[in-house]
Amino acid sequence: FDIIELGNVKSVGSYDGEFLHVENVQANTKGNSVVGFGDIPIDLNLSSKSFGNFTSSDFFNFKVKGDLNKLYFLSPYLPELDSINGNIGMNLELEGSINNLIRNGSISINNGTAHTLFLNDPITDINMIAEMTNNKLIIGNLVGNIYRKNEKKLDFTRSNIKVEGGIDFSKFFEPFYNLKVKSDEVSFKTLHFDIDGESKLDLAISGRDTINITGKIEANDVRV
């Protein structure tokens, strides 16, 4: 977690030689608030050669709740994603050994905005509800809008892009994607190739190290 900014951190707990019992930990930075509590198997015995290491034979039991305005802990691990801002709620439970952590919980985003390194303009009006069960994040609803800057939007009551599917976080920093993306009347301008236009998308995104994208792209009025 060396590249994650936690800000001001306060904690109360105790150590019994095997577990760090966290009664309460609070982290606040730039309007983001995260609280947590639970038991962490870690070696904090000063004379131990394994000092500071998690104990592989013992189990985590830790809960985290966050009220965020930015997913600051996710962006550093996704180079193509500059930022996600919005009203973000998060609940996460960690159980199991360090080599086999089980994650359960939920995340929601309201009125979100995502900036990427692919598009000149942000993805706006993001609303998402997702549940994580046994390391698998299932997206119940994820919608948003992709429009070029200053373009007149005809219908403000509906989104023009929808994402369904899930992400397997069994290997947290090497997630497996299984997503479907559908869009109607998306208008865009790319950052690197100076391409802009309108299109309809019906895509499937899958894979881990190598991401496969298949489906249909119907382009209208594309300019290079």
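Helices (H or I, at least four residues) and strands (E, at least two) are taken here as DSSP runs, numbered from the N terminus. The structure is a predicted model, in which local features need pLDDT of at least 70 and side-chain atom pairs count only at pLDDT 80 or more, whereas totals for chains, interfaces and linings use all residues. Residues are numbered from 1 along each chain as its sequence is written, and side-chain values use heavy atoms, with hydrogens and water left out.

The chain contains 12 strands and zero helices, and its pattern, read along the sequence, is β-β-β-β-β-β-β-β-β-β-β-β. Of its 224 residues, 36% count as buried, a term that denotes under 20% relative accessible area, with exposed meaning over 50% and partly exposed in between (1.4 Å probe, protein chains only). The accessible surface, computed by the Shrake-Rupley method with a 1.4 Å probe and, for residues, with only the protein chains shown counting as cover, comes to about 13,800 Å², and carbon and sulfur atoms account for 54% of it. Among contacts (heavy atoms within 4.5 Å) in the chain with a separation of 6 or more, 43% are between residues 24 or more positions apart.

Strand β1 (residues 8-15) runs antiparallel to strand β2 (residues 19-29) and is joined to it by eight bridges, with Asn-8 having Asn-28 in β2 as its bridge partner. These two strands form a hairpin with three residues between them, and Gly-17 in the turn has a positive phi of about 100°. Strand β2 is also joined to β3 by nine bridges, again in an antiparallel arrangement, and Leu-20 stands opposite Ile-40 in β3. The hairpin of β2 and β3 has two residues between the strands, and Lys-30 in its turn has a positive phi of about 50°.

A nonpolar core is a set of buried Ala, Val, Leu, Ile, Met, Phe, Trp, Tyr and Cys residues joined through side-chain atoms within 4.5 Å. The largest such core holds 40 residues, of which Leu-71, Ile-107, Ile-109, Met-128, Ile-139 and Leu-179 touch the most other members. When residues up to four places away in sequence are not counted, Ile-109 touches Leu-71, Ile-84, Asn-87, Ile-88, Ile-126, Asn-127 and Met-128.

Note on methods
Pairing = 2+ DSSP bridges.
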